[in-house]
Structures are given as structure tokens and as C-alpha cells.
Amino acid sequence: MNPSVQEKIDALTERAKKEGRKSKTSSATRNGSSLHRIIRTKEQAEAFMKLLKSC
Amino acid sequence: MKIEISSEPHRLLHNVYNLAFGPPDVRGKIDDKAELQHSNYSKVFSTILFTGLTYLNSNPGHFLGIDGSSNSRAYLYYRFLQKNYDYLNRFFNLFGIKYYVRVTRFGKTQYDDPFDFQDVKAIPESIEKKMIVDPKFMFNYFIFNKN
């Protein structure tokens with residue numbers, strides 16, 4: 001194996017051991033809902049919240 | 001069954017959090033399109049909403065949203081809400097949102113339903129008891145907060 005590649009692997013392995021695996025939030029809960037695809041602008045969001053609170 | 005409330009709100013709706021549920025796949029990610037057989041669906045859905053209530057008790061200003069990932073599933077949720085309306089209404093304000101999400105359904109189900117050209121805006125609507133909604137134009141998203 002190319003020594004520079006091996007060095008990178010070692011460095012990444014070392015970092016992973018220290019930092020661990022990053023926790024991932026499911027895309028379904030973070031930004032995968034259909035509401036995220038529909039409300040895309042600040043104006044839409046403001047209008048939406050206004051309507052929601054007036055219901 | 002895994003129930004997960006997002007740790008981050010909607011990017012623009014700062015107090016709307018998504019509540020997702022379903023069986024976890026091999027990577028632990030919720031599969032909200034899985035078809036499950038439960039002896040008592042109402043009990044399953046009540047458990048999910050109870051989780052939501054516990055969360056809202058700790059976060060009273062928040063709204064929780066449930067995505068009806070397909071028209072049939074959204075209809076199922078709506079039936080649960082109606083069936084248990086009196087009980088749920090004691091704890092929650094319930095809202096439904098219809099929008100032209102059908103165009104965002106890619107793949108096999110994209111053209112399952114006709115487009116509803118009246119639903120071009122995401123307008124939340126309060127869900128009332130015995131409210132009749134045509135199953136073909138069912139709410140796509142449900143939002144609730146604490147009474």
C-alpha cells in the first residue's frame with residue numbers, strides 16, 4: 001500500500017478512536033419530513049405559524 | 001417499534017419538531033413505510049401520542065408533527081384521531097395540513113392520486129370531531145400541541 005495512504009488511514013483511525021462515531025439524527029426526523037419540502041421560505045414559515053396559531 | 005422526536009426543529013418553523021415512528025431497520029433508522037401487523041393499532045398509535053404528550057409536557061411551547069408518509073397511512077392516522085377524538089382533545093390541539101405533497105412522492109406512488117389543485121398552499125386546519133375529509137384528499141401532515 002502507498003505509504004501516504006497508510007498514513008491517512010492511521011490518522012483517521014486514530015481520530016475515530018478518540019472522537020468516536022458521530023451520532024446521526026435520522027433524516028426522517030431531522031429534515032426528511034414532507035413539511036420541510038413544502039415550507040421553504042421565511043415568508044411561508046411566518047404565514048404558516050400565523051395560521052397555525054389562529055386555528 | 002421505535003419512536004423518535006427530532007432534536008432539531010424544522011429549519012424555518014422554530015418550534016415544530018417531527019415525530020417519527022416505525023420499526024428500526026438494520027441501521028437503526030426508522031422505516032416509516034413498513035407495513036406492520038399489530039393486534040391493536042389504536043393502542044400503538046395511543047402509545048405514540050402518549051410519548052408526544054410526555055415530550056410536550058416538558059416542552060410546552062413546541063408543536064409535534066407526524067408525516068403521513070402515504071395517503072393510506074395518513075388516512076389511517078386520521079381515523080385513529082377521529083376514533084379517539086374526545087380523549088385526545090382533552091390533551092391536544094390537533095391540526096391537519098393538506099398540500100400538494102403528492103408531487104413530492106417519487107416512484108411508484110407518485111401518480112396514485114389525482115392532484116388537488118385547491119391545495120396549493122400549506123394551510124393548517126383544526127381537526128374537529130366527525131369532520132369529513134375525502135380520503136383521496138386526506139391531510140398529508142398532522143401537527144399537535146398541548147391544550
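User: Where in chain B does Lys130(B) lie?

Analyst: In this predicted model, Lys130(B) sits in the loop of chain B that runs between β5 (123-126) and β6 (141-146). Its backbone has a positive phi of about 60°, although Lys130(B) is not a glycine.

User: How do you know that the length of helix α1 of chain B agrees with its number of residues?

Analyst: The expected span is 1.5 Å times one less than the number of residues. For the 18 residues of α1 (residues 41-58) of chain B this should give 26 Å, and because the end C-alpha atoms are 26 Å apart, the two values agree.

User: Which residues of α1(B) are buried, and why are they said to line one face of the helix?

Analyst: Phe45(B), Ile48(B), Leu49(B), Gly52(B) and Leu56(B) are the buried residues of α1(B). Seen down the helix axis, they fall within an arc of 90°, so they line one face of α1(B). As background, an α-helix has 3.6 residues a turn, so residues three or four places apart point the same way. On the other side of α1(B), the exposed residues are Lys43(B), Phe50(B), Thr54(B), Asn57(B) and Ser58(B).

User: What covers the buried residues of α1(B)?

Analyst: The cover includes the strands β1 (2-5), β2 (16-22), β3 (63-67) and β6 of chain B, together with the helices α2 (71-83) and α3 (85-89) of that chain.

User: How many helices and strands does chain A have, and what share of its residues is buried?

Analyst: Chain A has four helices and zero strands, which gives the pattern α-α-α-α along the sequence. Of the 55 residues in chain A, 16% are buried.

User: What makes up the contact between the two chains?

Analyst: The contact takes 20 residues from chain A and 28 residues from chain B. On the side of chain A that touches chain B, α2 (27-30), α3 (34-38) and α4 (42-54) of chain A each supply at least two residues, and α4(A) gives the most, with six residues. By class, that side of chain A has 10 nonpolar, seven polar and three charged residues.

User: What confidence values does the predictor give for the complex and for chain B?

Analyst: The complex has an ipTM of 0.75 and a pTM of 0.73 from the predictor. For chain B the mean pLDDT is 83, and 82% of its residues reach 70 or more. Where pLDDT is low, the predicted coordinates should not be read in detail.

Terms used
Residues numbered from 1 in each chain as written. Chains lettered and ligands numbered in written order. Predicted model: local features only at pLDDT ≥ 70, side-chain atom pairs only at ≥ 80, totals over all residues. Contact = placed C-beta atoms within 7 Å. Nonpolar A, V, L, I, M, F, W, Y, C, P; charged D, E, K, R; others polar. Buried ≥ 20, exposed ≤ 12 C-beta atoms within 10 Å, placed from the backbone. Arc of directions from axis to C-beta. pLDDT = per-residue confidence, 0-100.
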